[in-house]
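Biologist: I'd like to learn how to read a model like this one, feature by feature. Could you walk me through it?

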Amino acid sequence: MAVAPQRVGDDEVRLRGYFVYYEPLRPAPVLARHARRLRYEAGMAERGDEQRAEPLYREAIERFVDAFLVDRAGHSACFSDAHALGRHVAAHYGCPMKDEGDGYWTTGCGVLALHRRLGASWSGPTLSRCSVCGAGDFECDHVPGQWYDEVHCHRIVYEAAIREISLVPFPDDPRTYRMEVARTPREIRAARGRPLRRGEVPMCTHCTEGCDGADRGPREEDVDQSLWPSPKLGRDSRS
Amino acid sequence: MLLPDTLSPVDDQLVAGFRDRSQELRVRAKQQGLAVEVYLPQGARAGYYAEHAADWVLPLILGVPAATLADLLAGEIRLWISTWRDEGRSRTPMLRYREVVIDERTQTTKVREVEGPADEVADWIARRPALSPGGEPHEEEEWRWPHSE
């Protein structure tokens, strides 16, 4: 589920991202295996049809990113793998940014999520039914996550009242670290040293020029979340 | 007794929102012969409440849990940690524990809250001083904050 972008002034920050994913979160080893498989398939495809290889490479990047976000310490190599693939993709296919139609440019690449310190979590009450017997909340003794005669128990939510979406250092779903920060025309101009030409599409150069994550691997603070500074709260946030 | 985190309308119904581990704790306690109730204010129906602060937030517990319930809580947390590890996560999950203590004499309510690495919070819950019958601490007993060793 995505957060819709709003028109903002040139000096404000525009964020866009996901606060809930429909697909269940898989364990990090499964994600990493899937990523390596996709990378292999992309490599094989590249020998014959380069265009078929590109989406496979891009999907492999996203799965490496997921594996790292789910388990940073245990899958730190996925940080380097994602950047290395990103460098290869940028060099061979390019990583054009997306025109938002009002002068803003975004990139939805997961590699940037490897450096994010905030993800999105939502809050609010929900009503659900038991997947085993259909009873309402707390009306049966089935426990979510358990199996009963080969039937998995989980909550089937049929009503949710979303109160707010917060940016937090430990989001409920680590995939929500994927957040697009729109680049303003001023930022694009500053980064390139010149304004964009008519019809020119800016390219993301994070993996080729901006970050050496492919060679050095993650920094200590990328892996150890206890080193992250706590976000300022309440009055402190205004100082 | 487990208390709801919120009481709010959802689609014209008043919903008492409990944390998502409440059902698990209620059922486990029942299986062990312990009476754990879910408190529903009049006219409300039970639901769940999601709000992410720590990895796991236990439901609000009324009173200080007796030793048997504390053991159950600690055991459940250790089980969740084990499942968390089985899912391939190396980081230690953060857990928030809260209990509500009502002082009948002064008509005041205190909410005590502990948040930290789940294994340390589980150890602290299990090691708390023995409680007087009824699950409430002796009057002279001080609230002891957990500390890392």
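**Reading the two chains**

Modeller: Let's start with the surface of chain B: its accessible area comes to about 7,900 Å², and 49% of that belongs to carbon and sulfur atoms. Keep in mind that this is a predicted model.

Biologist: How many helices and strands does chain B have, and in what order do the elements run?

Modeller: Chain B has three helices and eight strands. Reading from the N terminus, the order is β-β-β-α-β-β-β-α-β-β-α. Of its 149 residues, 48% are buried. As for contacts with a separation of 6 or more, 67% are between residues 24 or more positions apart.

Biologist: And what are the corresponding figures for chain A?

Modeller: Chain A has seven helices and nine strands, and 42% of its 239 residues count as buried. Its C-alpha atoms fill a box of roughly 65 × 50 × 35 Å along the principal axes.

Biologist: Now to helix packing. What describes two packed helices?

Modeller: The angle between their axes and the distance between the axes. Take α1 (residues 28-48) and α3 (residues 77-92) of chain A: their axes come within 12 Å and cross at roughly 25°. Angles under 35 degrees count as roughly parallel, so α1(A) is roughly parallel to α3(A). The crossing of this pair is left-handed.

Biologist: Which residues of α1(A) and α3(A) meet?

Modeller: From α1(A), A:Ala32, A:Arg39 and A:Glu46; from α3(A), A:Cys78, A:Asp81, A:Leu85, A:His88 and A:His92.

Biologist: Is α2(A) roughly parallel or roughly antiparallel to α3(A)?

Modeller: Begin with the numbers: the axes of α2 (residues 50-70) and α3 of chain A come within 9 Å and cross at roughly 155°. Over 145 degrees counts as roughly antiparallel, so that is the label for α2(A) against α3(A). The crossing here is left-handed. On the α2(A) side the meeting residues include A:Tyr57, A:Ile61, A:Phe64 and A:Phe68, while those on the α3(A) side include A:Phe79, A:Ala82, A:Leu85 and A:Val89.

Biologist: What about charged side chains? Why does B:Arg26 count as buried?

Modeller: Same cut-off: B:Arg26 counts as buried because its relative accessibility is 12%. B:Arg26 is in helix α1 (residues 22-31) of chain B, and its side chain makes a polar contact of 3.1 Å with the side chain of A:Asp141. Beyond its neighbours within four places in sequence, B:Arg26 is in contact with A:Phe138, A:Cys140, A:Asp141, B:Val36 and B:Val38.

Biologist: With which side chain does B:Glu24 make a polar contact?

Modeller: With that of B:Trp80, at 2.9 Å. B:Glu24 is also in helix α1 of chain B, and it counts as buried, at 9% relative accessibility. Not counting residues up to four places away in sequence, B:Glu24 touches A:Val143, B:Glu76 and B:Trp80.

Biologist: Last one: backbone angles. What is phi of B:Asp11 and of B:Asp12?

Modeller: Look for positive phi in residues other than glycine. Phi is near 50° for B:Asp11 and near 70° for B:Asp12. B:Asp11 lies in the loop between β2 (6-10) and β3 (13-18) of chain B, and B:Asp12 lies in the loop between β2 and β3 too. B:Asp12 has 80% relative accessibility, so it counts as exposed.

Key:
Residues numbered from 1 in each chain as written. Chains lettered and ligands numbered in written order. Heavy atoms only, no water. Helix = DSSP H or I, 4+ residues; strand = E, 2+ residues; numbered from the N terminus. Buried < 20%, exposed > 50% of the residue type's maximum accessible area, 1.4 Å probe, protein only. Polar contact = N/O pair within 3.5 Å; in protein donor to acceptor, adjacent residues only side chain to side chain. Contact = heavy atoms within 4.5 Å. Areas by Shrake-Rupley, 256 points an atom, 1.4 Å probe, with all protein chains shown as cover. Axes fitted to C-alpha atoms, helices over the stretch in contact; angles between N-to-C directions. Parallel < 35°, antiparallel > 145°, perpendicular 65-115°, else oblique. Left-handed = near helix turned anticlockwise from the far one by under 90°.
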